Amino acid sequence: MSTFQTEKQFKINLSKLIEESNSQTDLYKPGNYWKFYEKNILKQIRNNKLINFRSWKGGAGSGSIHSFGGGSEIKCRKFSRNFHPIDDDFEFLDDSFLVRKYNSLINKIILFFPFFKFFLIRIAEIKPYYKELYKSLVIEKYKSVIKIDKDLKNIYESDFGLNQKECVLIDGKIYTLKILREMERLGYIKKNLKFDKINTILEIGAGIGLLASSFFKLKKNIKYLIIDIPPTICFAEYYLSNLSLKVFGYQDLIKIKQIDIKKIFEDFDVICLPPWKMKEIKDVNFDLFMNIQSFQEMEKSQTLNYLSITKNNNVKNIYFENSITGHDKAKKKNEYGVLEQSNMLDVENYLLETYDILRKDLQDKDSIESKEKYVTLFKKK
């Protein structure tokens with residue numbers, strides 16, 4: 001049983017899962033998009049302390065844990081940038097006694113000679129403004145989210161893996177923009193489905209498990225199955241097990257010959273499985289099946305393969321949130337992007353024979369999402 005997993009065990013599991021993954025067919029391996037990033041993500045894991053995984057440096061476009069929900073939120077780098085202006089690396093300069101004294105002196109001189117403001121070391125002055133802006137964004141987002149549903153107040157961050165200096169407290173609880181986005185999703189699901197009937201959940205591509213942890217804040221007795229590629233599945237197991245949830249992980253998996261989901265759920269809250277074990281999941285009742293922003297990163301054939309789980313199991317409701325057109329197309333294999341896009345119509349065409357669309361919302365791209373996306377709820381006919 002995975003409880004308070006160590007860094008050593010994490011790395012053993014990861015090494016074995018990567019080895020197993022390499023021997024699978026393309027349907028169960030990382031697609032072209034993720035394979036492009038895998039090398040850099042593995043390097044990041046080797047070069048950082050695992051316990052600080054939600055504070056790691058990095059950002060979009062470089063291949064980092066930020067791609068699936070980890071890493072520093074306040075210092076997330078812009079696409080393809082290898083630094084953030086307020087990275088901790090610069091603190092010895094920005095917060096030094098000499099810089100503070102220098103800026104203080106310039107500040108006094110400006111009163112008489114305004115032109116001297118151009119001699120300020122401005123980045124040292126910008127940092128507190130930037131951090132206050134982030135705090136304001138979190139607080140305003142929190143206010144808008146709890147208007148959706150007061151029960152969402154019961155969801156908040158664990159401090160596990162976070163940089164305490166970056167945490168925003170509201171009523172003594174930690175909040176980030178990431179957890180608030182998960183709260184929004186839960187509010188949407190609660191509003192449109194019979195939440196009291198949702199007891200068994202399947203999520204494909206769960207990132208570090210932040211949405212799963214949010215569900216457990218609202219419903220203690222749910223059962224949650226996560227299917228994901230390594231290294232992401234390792235982070236979900238690590239994070240959730242260190243939140244004191246009973247997690248069936250890789251060390252448990254290698255001890256059994258055949259997967260019996262119903263039996264495993266008798267002793268565990270969460271099951272974490274690699275994709276190639278999906279073939280063994282049959283005749284299970286799932287009240288909710290979710291995929292958030294990972295079908296768009298897969299090859300079309302991989303998405304359709306994952307959707308086949310609805311044929312072998314009783315899946316009552318589905319929540320999908322992905323790019324309408326799929327991710328950017330790669331110019332050639334092993335370059336950034338997907339080889340064959342997985343789009344909204346592919347998903348709908350596969351499901352509409354056995355599912356009705358309960359609700360569909362099309363959303364414009366914004367500061368977080370670089371593409372227009374669909375949010376769709378399906379209900380079994």
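Biologist: In which sense do strand E3 and strand E4 pair, and over how many bridges?

Modeller: Strand E3 (residues 200–204) and strand E4 (residues 223–227) pair in the parallel sense, over five bridges. Two strands count as paired if DSSP finds at least two bridges between them. Helices (H or I, at least four residues) and strands (E, at least two) are DSSP runs, numbered from the N terminus.

Biologist: Before we continue, what kind of model is this?

Modeller: It is a predicted model, in which local features need pLDDT of at least 70 and side-chain atom pairs count only at pLDDT 80 or more, while totals for chains, interfaces and linings use all residues. Residues are numbered from 1 along each chain as its sequence is written, and side-chain values use heavy atoms, with hydrogens and water left out.

Biologist: Back to the strands. Which residue is the bridge partner of Ile204 in E4?

Modeller: Ile204 has Ile227 as its bridge partner in E4.

Biologist: Which helix packs on the sheet there, and which strands are touched?

Modeller: Helix H8 (residues 232–241) does, touching E4, E5 and strand E6 (270–273). The direction of H8 makes about 160° with that of E6. Such angles run from 0 to 180 degrees between N-to-C directions, and axes are lines fitted to C-alpha atoms, for helices over the stretch in contact. Contact means heavy atoms within 4.5 Å.

Biologist: In what order do the eight strands of the open sheet lie?

Modeller: The order is E5-E6-E4-E3-E8-E10-E12-E11, and the pairing is mixed. Strand E5 (247–248) and strand E11 (355–363) are at the edges. Each of these two has a single partner strand, so one of its sides lacks a neighbour in the sheet. In general, strands of a sheet pair through backbone hydrogen bonds, either parallel or antiparallel.

Biologist: Let us return to H8. At what angle do helix H1 and H8 pack?

Modeller: H1 (residues 7–22) and H8 pack at about 150°, with their axes 10 Å apart. That angle makes H1 roughly antiparallel to H8. The classes are as follows: under 35 degrees is roughly parallel, over 145 roughly antiparallel, 65 to 115 roughly perpendicular, and the rest oblique.

Biologist: Is the crossing of H1 and H8 right-handed or left-handed?

Modeller: H1 passes H8 in a right-handed crossing. A crossing is left-handed if the near helix is turned anticlockwise from the far one by less than a right angle, and right-handed if clockwise.

Biologist: Which residues meet in H1 and H8?

Modeller: From H1 they are Phe10, Asn13, Leu14 and Leu17, and from H8 they are Ile233, Cys234, Phe235, Glu237 and Tyr238. By class, this contact of H1 with H8 holds seven nonpolar residues, one polar and one charged. Here Ala, Val, Leu, Ile, Met, Phe, Trp, Tyr, Cys and Pro count as nonpolar, Asp, Glu, Lys and Arg as charged, and the others, Gly among them, as polar.

Biologist: And H2: how do the axes of H1 and H2 cross?

Modeller: They come within 12 Å and cross at roughly 160°, which means that H1 is roughly antiparallel to H2. This crossing is left-handed. Phe10, Lys11, Leu14, Ile18 and Asn22 of H1 meet Lys35, Glu38, Leu42, Ile45 and Arg46 of H2. The contact of H1 with H2 comprises five nonpolar, one polar and four charged residues.

Biologist: A change of topic. How many aromatic pairs are found in the whole structure?

Modeller: A search finds 31 aromatic pairs. In one of them, the ring centres of Phe68 and Phe235 are 5.5 Å apart and the planes lie at 55°, so the pair is tilted. This pair links distant parts of the chain, 167 residues apart: Phe68 is in the loop between helix H2 (32–46) and helix H3 (91–94), and Phe235 is in H8. Rings of Phe, Tyr and Trp (its six-membered ring) pair if their centres lie within 6.5 Å; planes under 30 degrees apart are stacked, over 60 edge-to-face, and the rest tilted.

Biologist: Is the peptide bond from Pro230 to Pro231 cis or trans?

Modeller: That bond is cis, with omega near 5°. Pro231 is placed in the loop between E4 and H8. Most residues other than glycine have a negative phi, and most peptide bonds are trans.

Biologist: Where is Ser244 found, and what is its phi?

Modeller: Ser244 is in the loop between H8 and E5. Its phi is near 70°, a positive value in a residue other than glycine. Asn334, also not a glycine, has a positive phi of about 75° and lies in the loop between strand E10 (317–323) and helix H13 (344–351).
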